[in-house]
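Please study the sequence and the structure before reading each solution.

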Amino acid sequence: MADELITEEGAREPARLPPQAAMGLLDYLTTHAMDEDYAFVSERKETAEAPEPERPRRRIGAVGALVMALFAVLVVTAAVQTSRNSVSDERDRRELVGQVDQARSQLDGDRALLAATQGEVRRLQSRQLRSDTSAQSLLSRIELLGVRAGTIPVRGPGVRVVADDAPGADNARNEVLDSDLQKLVNGLWEAGAEAISINGQRLTNLSTIRLAGGAITVNARSLRRPYVVSAIGNKDTLPARFAETSSGQAWLDLQREVGLQLKITPVSSLRLPAAEATLRYANQKDQGGAS
Amino acid sequence: MIAIIGLVVGIVLGLFLTPDVPLSMEPYLPIAVVAALDAVFGAFRAFLDGIFDDKVFVISFISNVLIAAMIVFLGDKLGVGAQLSTGVVVVLGIRIFSNVAAIRRHIFHA
């Protein structure tokens with residue numbers, strides 16, 4: 001403390017620089033950590049009064065205690081506030097997670113119900129229509145249309161095409177984009193494919209292949225690379241005819257220039273799942289209700 | 001002794017009343033606490049040095065808290081609230097540490 005008083009006095013000499021300038025900020029901060037007022041006031045009182053060995057003003061009075069109480073209230077309030085906030089944040093987060101889980105399970109349940117109902121409809125249709133010959137031709141027509149539209153699972157020979165990003169891909173240039181997948185699928189249709197699915201998502205007349213939130217989305221389901229395109233058709237001619245299409249040429253360029261990977265393997269038996277295709281507005285001419 | 005009684009009373013009051021901080025004041029509370037802590041340690045050191053004074057303590061406490069809150073408020077308005085709070089915490093933290101060092105020298109003579 002004594003040296004502090006000396007620096008205090010030294011600072012008041014006009015010839016010397018102020019301590020902030022002479023000492024540097026950090027040194028100044030550490031030597032003047034205590035408010036200078038204490039030293040100043042005590043010095044002033046010392047000069048005013050006769051120095052006594054025991055001075056009552058050095059004791060902490062009621063005002064000091066009051067300020068200590070204020071300090072304690074401040075600290076406790078801050079602590080309580082912080083803990084309360086963290087608790088409510090955690091509760092909000094849990095609630096949101098719960099809501100997401102609930103919505104997801106409800107969606108899964110609805111999807112399962114939809115699939116079950118579609119299977120039931122098909123079963124009832126086939127039982128009703130099997131009775132007579134005109135109905136039988138109707139049935140086979142429905143099945144043909146179902147296969148074409150993608151609402152009935154199909155099985156047959158074909159090719160499996162695996163498309164993937166270039167090795168070590170880091171930007172959109174050497175990744176498989178939605179437009180690349182669209183080209184691939186177009187080329188396969190052109191080459192004579194009769195049914196196509198991407199990563200288990202069957203393509204229907206309502207399917208879209210688009211980029212949504214950084215992932216390629218088919219039938220409103222996000223896919224992860226590698227993209228496995230299964231196409232049913234003539235497994236011997238599909239690869240060659242695909243390579244002849246403009247889309248095949250484009251993919252050849254992509255492989256050569258950007259390094260995208262494309263592997264076509266013939267498969268003797270493929271199973272493609274059915275897709276959900278629900279029509280709400282499109283009606284047949286001779287029927288009143290929705291299909 | 002009376003200071004410790006005041007501290008305990010304050011803690012009990014805070015725990016029982018749990019005063020609700022207005023939302024607009026909430027960001028300034030932690031920095032105010034740090035400033036108050038600095039004032040309290042400075043007062044304790046002054047007490048041990050034998051130069052404690054009630055009036056200085058009150059004034060340094062209140063002005064510390066108000067100025068710290070005001071700096072952060074100003075920083076928020078200027079868009080550098082986080083940086084200014086960091087600055088305030090660094091300066092007050094250095095002061096607290098050197099005050100505690102002085103207190104330690106007083107108590108343990110080391």
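**Exercise 1.** Which order do the strands have in the open sheet of three strands of chain A?

*Solution.* The model is predicted: local features require pLDDT of at least 70, side-chain atom pairs count only at pLDDT 80 or more, and totals for chains, interfaces and linings use all residues. Residues are numbered from 1 along each chain as its sequence is written, while chains are lettered from A and ligands numbered from 1 in the order in which they are written.

Step 1. Strands (E, at least two residues) and helices (H or I, at least four) are DSSP runs, numbered from the N terminus. Two strands pair if DSSP finds at least two bridges between them.

Step 2. The order is β4-β5-β6 (chain A), and the pairing is antiparallel. At the edges stand β4 (209-212) and β6 (221-222) of chain A, each of which pairs on one side only.

Step 3. Two bridges link β5 (residues 215-218) of chain A to β6(A) in the antiparallel sense. Here A:Thr217 lies opposite A:Ser222 of β6(A).

**Exercise 2.** Describe the open sheet of five strands in chain A.

*Solution.* Step 1. The strand order is β3-β2-β7-β1-β8 (chain A), with antiparallel pairing.

Step 1. Because β3 (201-202) and β8 (261-272) of chain A each have a single partner strand, one side of each is left without a neighbour in the sheet.

Step 2. β2 (residues 195-198) of chain A is joined to β3(A) by two bridges, and these strands run antiparallel. In this pair, A:Ser197 stands opposite A:Arg202 of β3(A).

**Exercise 3.** How many residues of chain A are in contact with chain B?

*Solution.* Step 1. Two residues are in contact if their C-beta atoms, placed from the backbone, lie within 7 Å. By this criterion, 33 residues of chain A touch 41 residues of chain B.

Step 1. The largest share of this side of chain A, 18 residues, comes from α5(A).

Step 2. α5(A) packs against helix α1 (residues 2-17) of chain B at an angle of about 35°, with axes 7 Å apart. Axes are lines fitted to C-alpha atoms, for helices over the stretch in contact, and angles run from 0 to 180 degrees between N-to-C directions.

Step 3. Among the residues that make the contact are A:Gly64 and A:Phe71 of α5(A), together with B:Ile2 and B:Leu15 of α1(B).
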